[in-house]
Protein chains: 2
Amino acid sequence: MQWVKVLGGLVGASALLGLGIILGHFAIPKGAEAPAPSVSVSQDLDLEILETVMKQLDASKIRENLRELSREPHLASSPRDEALAQLLLQRWRDPESGLDAAEAPTYEVLLSFPSREQPNRVAVVGPTGTILFSCRQSEQNLTGEQGGPDVVPPYAAYAPPGTPQGLLVYANRGTEEDFMELQTQGIRLEGTIALTRYGGTGRGAKAVNAAKHGVAGVLVYTDPADINDGHSSASQTFPNSWRLPPSGVERGSYYEYFGDPLTPYLPANPSSFRLNPDTVSGFPPIPTQPIGFEDAKILLCNLQGTSAPAAWQGALGCDYKLGPGFRPDGDFPADSQVNVSVHNRLELRNSSNVLGIIRGAVEPDRYVLYGNHRDSWVHGAVDPSSGTAVLLELSRVLGTLLKKGTWRPRRSIVFASWGAEEFGLIGSTEFTEEFFSKLRERTVAYINVDISVFANATLRAQGTPPVQSVIFSAAKQIPAPGLDGLSIYDNWIRYFNRSSTEYGLVPSLGSLGAGSDYAPFIHFLGISSMDIAYTYDRSKTSARIYPTYHTAFDTFGYVDKFVDPGFSSHQAVARTAGSVLLRLSDSLFLPLNVSDYGETLRNFLQAAQRDLGVLLEQHSISLGPLVTAVEKFEGAAAALGQHVSALQKDTPDPLQVRMLNDQLMLLERTFLNPRAFPEERYYSHVLWAPRTGSVATFPGLANACSRAMNTSLGSAAWAEVQRQLSILVVALEGAAATLRPVADL
Amino acid sequence: MQWVKVLGGLVGASALLGLGIILGHFAIPKGAEAPAPSVSVSQDLDLEILETVMKQLDASKIRENLRELSREPHLASSPRDEALAQLLLQRWRDPESGLDAAEAPTYEVLLSFPSREQPNRVAVVGPTGTILFSCRQSEQNLTGEQGGPDVVPPYAAYAPPGTPQGLLVYANRGTEEDFMELQTQGIRLEGTIALTRYGGTGRGAKAVNAAKHGVAGVLVYTDPADINDGHSSASQTFPNSWRLPPSGVERGSYYEYFGDPLTPYLPANPSSFRLNPDTVSGFPPIPTQPIGFEDAKILLCNLQGTSAPAAWQGALGCDYKLGPGFRPDGDFPADSQVNVSVHNRLELRNSSNVLGIIRGAVEPDRYVLYGNHRDSWVHGAVDPSSGTAVLLELSRVLGTLLKKGTWRPRRSIVFASWGAEEFGLIGSTEFTEEFFSKLRERTVAYINVDISVFANATLRAQGTPPVQSVIFSAAKQIPAPGLDGLSIYDNWIRYFNRSSTEYGLVPSLGSLGAGSDYAPFIHFLGISSMDIAYTYDRSKTSARIYPTYHTAFDTFGYVDKFVDPGFSSHQAVARTAGSVLLRLSDSLFLPLNVSDYGETLRNFLQAAQRDLGVLLEQHSISLGPLVTAVEKFEGAAAALGQHVSALQKDTPDPLQVRMLNDQLMLLERTFLNPRAFPEERYYSHVLWAPRTGSVATFPGLANACSRAMNTSLGSAAWAEVQRQLSILVVALEGAAATLRPVADL
């Protein structure tokens, strides 16, 4: 209790009131020494520093980073992955260009790997048991980089081992509707092997849906129609173009949730409680294996049965039939079956995050987080190294200014290189589980730059409304590469735009799902988050994603030659994300425009009124309280905006600014309710939790309505609709209360 | 997005660095007007103001408050309860002595009342169906205040209606063990009426336990041994002494949880989703009725059967038998049964909270909450008006200083008069449900003064460790009433003390259960809380509580004559709570000594090692990680203490102090985990959730161990022990992380 006694001494010291241009004189307690030099509490964003950073972000250095990062495969927890963690540590500890401190904490997490001894195998087996055909077990070595022991063979991570065998059916994308369609067509699914193509639903969902219909095993391939704009020949694909070669296979995690599967809500420290792996939910229920379209073609084009619906047809050059089984006039005897041999193993592995910090000069307890994962499936030049290459360049430029003494941010900046993202955002999720209190109370925003360049046409950003304005501000001041005089913003608006009731035509921000490491930050902790990248010209390609995604062809050469020659798009992303980072870390007033949530709420509300209103009315459920809550939010946000303007014209004292910034920072947290969706692991954000159904509205309400739709009046499902509505109203009213003057009752 | 544009103008203004004694010059943005006068950001506790407040707290004004508050019965939601809400509003809006603002928001909550038309009745019914004896339906009108329509007859709130009839058994305190004992004694409980006495377990638990054994109805009475130190005659009891008269009956809520029963986790606003009352859990399962010991004696002293165990005997002047049924040589025929007729009704009622605020001058977004409930069972002079009388006097003194312009606190002070506490802390719980985000982020501490004076011997305080030091500081500077020269602290330590490893002998703070409105603040929101009162000399009475608790004899005269003649104990509580309030609202450095949590953690840990260590070891569960976590906490707390000392010697800038204060304020929040105890409604604090069993240690661990104890190795119950241990370790590590330097990784 020493400090309570010291306080006694302080109490008598009289405080001086400062007026005029000088505010905040401090009484000096008796016995105090001369005060140490202090930074200015009014430190604000310095446009010269911002300009310097923009200039120093160097495309060729990003290219060199990428070359090094993608030199070898660096699957999560592999020696090369850990070596890259050390590389990051070394960079962030560099005396000339490093950060204030860096560490590489490790979690012990459950990963899934194919067996080296027993490779997974997909084969056609004749009626006598002879193997008539086997799919490739690895991709073709086209550039000398697809061989070698560190290239993990294609597999479906977390798919269980097993060797099911049965007649083949074609199940389109493996959605619930697809399997219903097969049943409608009278196709017996019990014991079959379902060939599905990527897209339409999550990876793991294909197996989940299949198993419900008695399917014994699932194959997944990438159709050239979906990834190559229809092209499939070797001459038209990598290394002759950016397109996926016939042998390319998309790897991926088939786990339904995110985070370490054995330690939900707990960090995967060695001593942490772990579930029994046999009882973990969320793994695919049946063996599943991905294959290339070259092999898929042999299977699919030999199927018998009725033709698949038009929407199910692809670009393999034959009429897709449904099966079951092969046609008698094809390559295989009619009774041939497909055998899927999966020998994946679950393993507890050490996986590192790398964290580096630049301590804030004025508000070190406010964090701007900037992160990306480090682990890849193979070389991962695009995914994730294009992001890490940008991260390293940004940290180099800022680190150099820091070490020179030129600059120190107002708030702390934390850089993160997450481990094991590919297996389910594991490193980032464990981090949020370990430090939830501290992060929740102190984090201003999370910036994610995973794949920084999908393609070089335009910026693309996803985020919650409060980050819209800061991304716009950044994008307006940065030239778009290769488009003389056009800003990134001006270019962006040509590709993605929407009509805002507030601002007119603006670039449209996507919303955040769970596609990368921002997920635990926004959904579990309620931290305003964003994901920034350069991406496609959709008039030139309809590819689901860049074609070599998660294959052994995602290499440095691929990026250097096809994705972003010259690395100017990488540089553009570095500048955009860097500008956003600096604005968030250095601006006196946090550039989070919370009133932009009003537009989202209004849109969600209108969608609810339009598409659910009649249904709700039939069940005597009124949207009135929700309308009122949205209006309260809008009113409070508008009044706060005026307060901010007034403060900015005046000479605010540092605490006034801090109080305001706390309101802005914490608004996102007010939408969090850990009891809203008890069955949705980690999802606590009442506006951005997963939504089923097509109505773009409040997810809890929409989901509850779709579950209640066919139940009777007074059912538990209708009670849940009302509960969800109340949860929403309370959250919005709470958000409004957070924005209102802080001493309002 | 206007303010983002304004920011552009600000950005260019250069910031000046202030050195020497002047810190925090502010750049003036172009176009800004002359800054408005500002309060000093270093405003600290003013000892003269504190002294003034202590002096002005007036015992006779508290007495007058109490007279007015307890003039009429003011059961929750009754006209008089609402009139008192208006009285509070009026006081807090008084231009001379009021607060800055006051409001009386209303919730629509589910209460339970006896029927006026069909009074509850307990009767002995002879073998032929004749009523041989009826218990009183109201208390004896001893002072002219026990009659009239506003005195609610004794009842068990939320006990269901019903008219069970059966043989009477005596079940001591109605604990699980008590009913087991009856079974062991071979007594058939099916269909019986169980007579129980208050104490030993919660009210509702008696009925829950009874119903498990087939009991059809429950009676509850207060034994003179437990409340009157054995005395029971009219001449020895009120109005001749402070003791409970023979007809006195303790009313109370028999609801198991707290908060409005129909809206768990949601505020009970008119539009909120409500559960169907028929499906609500937590109500007593069988009809239950409380009676006076005068009537209990007639029932109990006529029982037949074996003598009850010695520990079950009381002071009714006969040998307590177990039953079932009456002895043939007694007042009733041998086959007589007891009929319990309960006609309670559930009603949705409007209940108001009254809230008043004094806006903070420097940090208006930091709230010190001070509250008490307003509703009583009858006149409620002690419970709760003794607390409200103090509340009103404290708000008068502070309000007067405020309106005179003499003083304005550094932080905001929120006064609250909660509604419907007696039914289950309803008003306060609904308030925390409505404003959880705002309260969670901004509340420094919650001070509860419910019954302010149980008796006039000594101060008694309950609270979490961070509030210990501020209560000690206050108590040391206030004279104990009637003890010349002794401080409240010096007197307190004579009655309640413990040996602290840190400080030696100190007064011992009790821990917070769910006995008053602090419960939702500490358990649901993780806000450091306390409850302050004056209480008994335990060498003079062993009464469970003050004898007229929840009866119609808890009147102004009772207090004025027996509890605190002269009201000096009331004044002492007003001064103590007032001093704590001022210290929390006005001190530059928050007087929350978080390092005092270290001692609690160490004690809990040692208890776990001592009493659970062997058991855990047998199941290969190591306490090692918990030991490490406690050590980390201690280390971080000690280092923070040094940081505070250094800051206090130096001239800290306002943001440094704010950052530190945020660490202190938010520490309590780090112990909250809404997923720790999913079955314990509202209880999320991993250190103070309810604990079964006698080991004073971490509740989650203790409870899980006692559940696992008799299960086999590898059971789900043992997995839960490990999960609880991990939850605890993560919370403590998170707490340590919150206390460590804010820019540590």
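The model is predicted, so local features require pLDDT of at least 70 and side-chain atom pairs count only at pLDDT 80 or more, while totals for chains, interfaces and linings use all residues. Residues are numbered from 1 along each chain as written, chains are lettered from A and ligands numbered from 1 in written order, and side-chain values use heavy atoms without hydrogens or water.

The UniProt record, an unreviewed entry, places the feature "domain: Peptidase M28" at residues 353–561 of chain A. UniProt positions follow the numbering used here, feature names are shortened, and annotations may be inferred rather than shown by experiment. Over residues 353–561, chain A is 33% helix and 24% strand. The end C-alpha atoms of this stretch are 30 Å apart. Helices (H or I, at least four residues) and strands (E, at least two) are DSSP runs, numbered from the N terminus.

A nonpolar core is a set of buried Ala, Val, Leu, Ile, Met, Phe, Trp, Tyr and Cys residues joined through side-chain atoms within 4.5 Å. Buried means under 20% relative accessible area, exposed over 50%, and partly exposed in between (1.4 Å probe, protein chains only). The largest nonpolar core holds 473 residues. Within this core, A:L299, A:F423, B:L299 and B:F423 touch the most other members. Helix 21 (residues 716–739) of chain A gives the most to this core, with 14 residues. A second, separate core has 8 residues, including A:L655, A:M659, B:V362 and B:L655. Contact means heavy atoms within 4.5 Å. Leaving aside neighbours within four places in sequence, the contacts of A:F423 include A:L75, A:F113, A:Y155, A:Y255, A:D375 and A:W377.

A:S516 is found in the loop between strand 20 (504–507) and helix 14 (518–524) of chain A. A:S516 is buried, with a relative accessible area of 3%. Not counting residues up to four places away in sequence, A:S516 touches A:E421, A:L425, A:N448, A:D450 and A:D531. A:S516 and A:H373 are 143 residues apart in sequence, but 8.4 Å apart in space, C-alpha to C-alpha.

Across all chains, the search finds 84 aromatic pairs. Rings of Phe, Tyr and Trp (its six-membered ring) pair if their centres lie within 6.5 Å; planes under 30 degrees apart count as stacked, over 60 as edge-to-face and the rest as tilted. A:Y370 and A:F415 form an edge-to-face pair, 5.6 Å centre to centre with 65° between the planes. A:Y370 lies in strand 15 (residues 363–373) and A:F415 in strand 16 (residues 411–418) of chain A, 45 residues apart. Both A:Y370 and A:F415 are buried. The rings of A:Y597 and A:W688 have centres 6.5 Å apart and planes at 35°, so this pair is tilted. A:Y597 is in helix 17 (residues 596–618) of chain A, and A:W688 is in the loop between helix 19 (654–670) and helix 20, 91 residues apart. A:Y597 is buried at 0% relative accessibility, and A:W688 is buried at 15%. One aromatic cluster includes A:F238, A:W242, A:F454 and A:Y536.

A:N703 is in helix 20 (residues 699–708) of chain A. A:N703 is buried, with a relative accessible area of 7%. The side chain of A:N703 reaches the backbone oxygen of A:P690 at 2.8 Å. Beyond residues up to four places away in sequence, A:N703 touches A:P690, A:R691 and A:T692.

Conventions: A polar contact is a pair of N or O atoms within 3.5 Å; within protein, one must be able to donate a hydrogen and the other to accept it, and residues adjacent in sequence count only if both atoms are side-chain atoms.
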